[in-house]
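Hello,

Here is the structure for your files. Please look it over first; my notes follow below.

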Amino acid sequence: MVDFLRDFIKVLRLSDVRISSSETIDAMKISSIIGLDDKNLLKESLSQSLAKSIREKEIFADCFDNFFKEDFMNIDDPSEEEVHEKNVSDKIYDPQNNNDLESLLKTSDKTALMTSLADAASEVGLRDIKLFTQTGMFTRKILESMGLEKLNNDIFQASREGNNKREEDLKEVRERIRLEIRDYVEHQLKLRTSESGKQIREDALSQIRLSQVDKSDFALMTGIVRKMAKRLIALHSRKKRKANRGVLDIRSTLRVNQQHDGLLFKTLWKRKKVDRPKVIALCDVSGSVANVARFFLMFLYSLSEVLPNIRSFAFSNKAGEVTDLFDTKDIEDAAAETLILHGGGSTDYGQSLSDLEGFIENDIDRKTTLIILGDGRSNFGDPRTDILKSLHEKSKRIIFLNPEPKTLWGTGDSEMNRYAPYCHKAKACSSLSDLEKVVEDLLRYSF
Amino acid sequence: MSASKNAIDLIQLNFEKEGYICNLQIATAIYLSQNLNKPILVEGPPGVGKTELAKATSEWMNKSLIRLQCYEGLDEAKALYEWKYGKQLLYTQVLKDKLNDIISDKSGLESSIESLHNFDDIFFSDKFLEPRPLLKAVSDDKGTVLLIDEIDKSDDEFEAFLLEILSDYQVSIPEIGTIKGKVKPIVFLTSNNTREIGDALKRRCLHLYIPFPDAKLEEQIIASRVPDIEKKLKTELVNFVQNLRDLDLKKLPSVAETIDWAKSLVLLNVKSLDANLVRETLNVLLKFQSDIDAADSEIEAMIRKGNA
């Protein structure tokens, strides 16, 4: 039973239902209380511990129906297994000896066939099936484990003896079993991979270099960015809430009022400290980083949802503020509009930095973190490191994220090596997962 | 039929006696929460009987119901416990008067402090503790039904602070220690889904989703709540409401509103639905003028459909 639950939960997880181990334990307790006889009741009960939103309940119902369409779920239940063994063992299935596929099919005991099929399947590790291309391989493996060799020998022998009828018979048996197994494998594949294929692609995409992302993957990529942002928000938004006044702090009140001879002259209240981090982000949207800019912007946008006080700027040859755009438009419109308004020009870091300084002169202080997203390639213009130096002195932190690997810094028109000394952190940041790490770090630091 | 199935059927039957008609799902949830000692998080559209479920449970099990209505800004001082500051202050005054008696026979600072230490200190004790709903529910030795209503209206912090109570059924008061009752309370949390509940909280609860009832169940509910209603009218009325829920409305009519409507129709001595009557009483079911306007043109068709 533990086996079937574990399997079922794996299927659910692949279908994007989040299940923790404590919920797994609950599910096990539930199934031992409820028992497996009443499928409907089991479904209702399990859904209460495993699916915790309406969407998840729908997925759960689908998965449950699919999963238990297989009539052989009971094989993992020890009591059932014993019964089977009693009924079946004398007739056919004995894993130690060479199992006889022929009699297995001829006894027309579907349950027995399915039992041995499921056993063979778990023996060859069918639960790890991931891609449809593996269907053939697993079918073959299961067939072999169920005694293909003996069957083939029998066929060979029959053909040598000239017993045509028997040969045909046996061949038909082989074909029927093969089809049966193939159906089974395909069903398992469907069960396990309807969502996991997407998951594999998403995992791969979040590792891939941002500039290499194919146009056709943009939609999926946007989804990943959103997911990450959502995860970050979930992690950090709790800390954002603030309470100005708490309850009366009796201890400090009494302590303070000792000087007034115990008369309660002054009341003290528990207060929560509110640290307001200020983040200013500057994003390069020029031609040289065109491939990456889009994702940078999306991420900036997501960031502006997590952090309360963020001002965003975009630049190619001069900087402009896009905070309002991010506040009012949705993620894709905002990114597209920013690219139209500020993108396309040739990069001028010097000019942009001095523009930025003008914008934020009054706003920058010891609490401010400045994030710069860009490749640091300034078309041999004056990099104006002096501005970055003064910003460095005024701010709390400057983080420079560069999509180029470190080995390319300083080559050609890259001013990265001249900027780096004035940044508290200068990092190569080429994939979404890199980006996420940096933001994670930033959030932990700033709250 | 297994023992658990019997127990669940019994729960269903008992609820019916209390006038709460529930389906297998709800009964299963109650059964599981009793057996696993887990709180139930009840979600669903407004007016399907989430709060009613807790009330029915408390009546059926003959335990007192403690209700905590959540709202923005609810904090532990209002939900869990508070010190009786006024009395504590008076106590310090009394203590001050007593101080002379305590240390009068002592000479020297050290021995005075020593005897002060030995003096029974009740400044932080349950005498000065003002229990709030959660503490009451946890510390009651007879066991209670605790209803935490509309948890989605509370703040995130409050949700986090519920975690200890929900998993261990105990309350820690720093100055006193951990308070725990002999019998674990049965806890219901309800949510209208105005915001997503945190994973940590969900993990600790069984999750029960109560949708709008189907026609059969709704008829049973009406029959139990409005016994005077005639059978024909009951069927017509339930079918009408079910059809109404298929329309694209701002706020769908809830079970509570169906019951109200049934009651008012009985009061008006109606035997069968007709379009005019429905039009006049539609404001019992629908609470937005735009919804009433939207439904208006469909009334005839829906009555015909309901009768068919």
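B:Lys38 counts as buried because its relative accessibility is 15% (buried means under 20% relative accessible area, exposed over 50%, partly exposed in between, with a 1.4 Å probe and protein chains only). B:Lys38 sits in the loop between α2 and β1 (40-43) of chain B. Helices (H or I, at least four residues) and strands (E, at least two) are DSSP runs, numbered from the N terminus.

Some ground rules. This is a predicted model, so local features need pLDDT of at least 70 and side-chain atom pairs count only at pLDDT 80 or more, while totals for chains, interfaces and linings use all residues. Residues are numbered from 1 along each chain as its sequence is written, chains are lettered from A and ligands numbered from 1 in the order written, and side-chain values use heavy atoms, without hydrogens and water.

Back to B:Lys38. Leaving out residues up to four places away in sequence, B:Lys38 touches A:Asp26, B:Ser33, B:Tyr169, B:Arg203, B:Arg204 and B:Leu206 (contact means heavy atoms within 4.5 Å). With A:Asp26, the side chain of B:Lys38 forms a salt bridge at 2.6 Å, N to O. A salt bridge here is a side-chain nitrogen of Lys or Arg within 4 Å of a carboxyl oxygen of Asp or Glu. The count between chain B and chain A is three.

Now the interface. In contact are 39 residues of chain B and 33 residues of chain A. The two chains bury about 3000 Å² between them, 60% of it on carbon and sulfur atoms (the accessible area, 1.4 Å probe, that two parts lose on being put together, summed over both). In chain B, the most area is lost to chain A by B:Asp156, B:Arg203 and B:His207, together 18% of what that side buries.

Which elements of chain B supply at least two residues each to the side that touches chain A? They are α1 (3-17), α2 (24-36), α5 (85-103), α8 (156-168), α9 (199-204) and β9 (206-209). α2(B) gives the most, with eight residues.

One caution on chain A. Its mean pLDDT is 75, and 75% of its residues reach 70 or more (pLDDT is the predictor's confidence in each residue, from 0 to 100). Over residues 71-99 of chain A the pLDDT is below 50, though this stretch has 37 contacts in the model beyond near neighbours in sequence. Residues 238-243 of chain A are also below 50. Where pLDDT is low, the predicted coordinates should not be read in detail.

Best wishes
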